[in-house]
Amino acid sequence: MKTYLLKRFLLVPVVLAGITFLVFLLIWALPGDPSLALVGERAKAATVESIRRELGVDRPFLEQYLGYLKLIMHGNLGRSFYTNRSVADDLIDKLPHTLALAASAMALAVPVGVSLGLFMALGKRRFERFLNVITMAGVSLPVFWVGLILMLLISVKARLLPPSGTGGFRYIILPAITLAVPAFASIARVTKTVAMDVLNQPFMLTARAKGLRRLRVVFTHLLKNTLIPVVTVIGLDFGSYLNGAVLTETIFGWDGVGRFAMEGIIKRDYPVVMGTVLVGTLAFVGINLIVDLCYAVMDPRVKKG
Amino acid sequence: MTRAAVIILFVIILGVVAGPPISGYNPVRIDLDAIKLSPSPEHPFGTDNKGRDVLSRTLYGGRVTLLIVLGASGITFVIGMLVGLVSGYFGGKLDLLLMGIVDILLSFPTLLLAIGISILMPPGILSVLIAIGSVGWVGLARLVRGQVVVLKESQQVEAARALGASELRILFVYIFPQSLPVALVALSMKMGGFILSEAALSFLGLGVQPPWPTWGSMIGQSRIFITSAPWMVTFPGLMIGFAALSFNMLGEGLRDRLNIFR
């Protein structure tokens with residue numbers, strides 16, 4: 001286990017280098033010029049040229065990439081082409097907002113999703129079919145539409161909560177629910193599948209046969225064995241939650257990393273794009289490392305491996 | 001469930017293909033005398049801020065969406081299948097490299113990647129197709145590879161090799177057809193996701209450009225009218241939901257019937 005985790009740690013810089021290289025390649029290979037986006041298509045050639053030099057986008061590809069890697073090593077992420085603010089500083093400002101949003105969404109989605117999944121696995125068949133469609137609708141509805149409809153019903157019609165903006169508890173409820181809808185649905189579906197598998201294991205029969213109460217069997221034997229794969233899937237699905245965060249933050253005007261990334265991409269603000277991509281990747285890799293650590297805690301069999 | 005999904009899909013496809021002439025309005029004709037009318041027998045889905053019939057636009061927008069789903073599925077299938085076959089069959093360093101790329105892409109918010117690609121290209125059907133297709137193949141390739149690794153050790157392949165079949169023949173005559181069911185089921189489960197990705201890109205204004213509607217762009221452009229004309233947002237969103245839902249149900253139904261991944 002220790003050597004495995006060590007390997008995973010050593011892989012992190014490799015993945016980061018791979019991601020930065022891919023994004024750099026993408027930016028370089030596809031047409032489009034940030035300096036033109038900055039000064040407009042009709043600017044004088046000399047102006048464009050000086051801006052290109054200032055931004056450093058006139059240098060050869062490899063030189064730009066190595067220069068960027070060097071910058072990262074120093075913990076610097078460059079400056080935004082537009083605001084000239086340090087990307088690292090901006091990220092530090094915005095990251096807590098995104099983390100708060102993600103944490104609230106998961107605090108909603110995980111308990112609801114897991115209990116619903118267990119209910120689907122244990123409950124009556126007719127219920128199961130109905131809930132199957134409901135949870136599938138949860139993963140099929142577009143996040144941005146769910147957000148807009150919630151905004152319409154709860155903020156505009158009922159006037160219960162503010163429609164958008166960054167702030168305290170009242171502001172976070174709607175975006176968190178929006179982000180939690182697809183998450184709880186997919187967690188419920190995975191939980192159901194895994195729980196049905198566990199229910200068929202011989203040890204479940206043994207537990208019942210030796211006279212344990214049904215509730216006790218569900219909470220100790222079933223829940224424990226179900227949670228491990230479910231946690232893995234939550235970790236692996238993290239990328240899709242990031243997708244959802246980009247859209248949710250854009251709709252609700254939530255000043256987080258997702259919206260920052262979106263704006264950076266639209267304005268071709270490459271340092272911002274690279275910075276947010278790096279943070280997103282780090283978060284993904286980190287979450288999955290934590291998931292692996294959880295394994296060791298939850299499942300004694302893993303420690304031996 | 002599968003039957004319900006097929007019926008819904010059939011209705012959607014029928015409506016989308018035959019719809020615009022039936023609904024009786026031109027989806028792009030502006031009628032300033034009929035701005036933001038709420039749903040009525042004349043305009044079942046209401047009209048938008050330029051007096052265009054929302055039902056006609058919704059039906060027309062579905063064409064683009066379904067076209068993109070088809071195209072993206074094609075791209076995904078070809079790339080995913082090729083990478084999976086090659087990676088699984090030949091193994092070694094190539095396998096390591098290809099699966100490394102797959103791992104990196106899997107750990108990446110694909111929407112951001114698709115947004116990036118569609119921004120750097122002139123927006124339109126092609127950019128959306130490339131954006132969605134170029135990130136969609138990853139999961140499929142991983143799955144096909146897993147199949148191939150098992151299949152290439154099968155006795156059937158061993159027998160073919162003993163009879164002197166060439167590598168290419170083994171790959172395409174023996175292994176490809178057997179990995180096909182898994183690939184097709186996985187693909188059908190991905191189609192719902194393609195609809196959502198296309199909708200998200202269009203919503204952000206990066207898809208097919210106005211005045212031609214798609215479900216996503218209709219919602220994106222109607223966002224500001226959500227208080228005065230909520231039907232402009234509601235109906236296209238419901239269509240996205242129904243289409244994605246029926247594709248997802250179809251995929252799951254196929255999976256359960258063919259008893260795959262079990």
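Good morning. Across the interface of chain A and chain B, one salt bridge is found. This is a predicted model, and I shall begin with that interface before turning to the chains themselves.

Which residues form the salt bridge? The partners are A:Arg189 and B:Glu252, and their closest N and O atoms lie 2.5 Å apart. Besides this, five residue pairs are in polar contact between chain A and chain B, with both residues of each pair at pLDDT 80 or more.

Which parts of chain A touch chain B? The elements of chain A that contribute two or more residues to this side are α1 (2-29), α6 (125-140), α7 (143-157), α8 (169-199), α11 (238-252), α12 (257-266) and α13 (270-298). By class, the residues on this side of chain A comprise 30 nonpolar, eight polar and five charged.

Let us now consider the extent of the interface. Chain A brings 43 residues to the contact, and chain B brings 39 residues. The area buried between the two chains is about 3600 Å². Carbon and sulfur atoms give 78% of that area.

Taken along the principal axes, the C-alpha atoms of chain A fill a box of roughly 85 × 55 × 30 Å.

One residue of chain A deserves a remark on its backbone. A:Asn84 is not a glycine, yet its phi is positive, at about 60°. Where does A:Asn84 lie? It is found in the loop between α4 (61-73) and α5 (87-122) of chain A.

We come now to chain B. Here there are nine helices and, again, zero strands. Along its principal axes, the C-alpha trace of chain B spans about 75 × 40 × 25 Å.

Helix α2 (residues 54-90) and helix α8 (residues 215-222) of chain B have axes that come within 7 Å and cross at roughly 130°. On the α2(B) side, the contact is made by B:Val54, B:Arg57, B:Thr58, B:Gly61, B:Gly62 and B:Thr65. On the α8(B) side, B:Trp215, B:Met218 and B:Gln221 take part. Sorted by class, this contact has three nonpolar, five polar and one charged residues.

Thank you for your attention.

Definitions and conventions
Residues numbered from 1 in each chain as written. Chains lettered and ligands numbered in written order. Predicted model: local features only at pLDDT ≥ 70, side-chain atom pairs only at ≥ 80, totals over all residues. Heavy atoms only, no water. Contact = heavy atoms within 4.5 Å. Buried area = accessible area lost by both parts, 1.4 Å probe. Salt bridge = Lys/Arg side-chain N within 4 Å of Asp/Glu carboxyl O. Polar contact = N/O pair within 3.5 Å; in protein donor to acceptor, adjacent residues only side chain to side chain. Helix = DSSP H or I, 4+ residues; strand = E, 2+ residues; numbered from the N terminus. Nonpolar A, V, L, I, M, F, W, Y, C, P; charged D, E, K, R; others polar. Axes fitted to C-alpha atoms, helices over the stretch in contact; angles between N-to-C directions.
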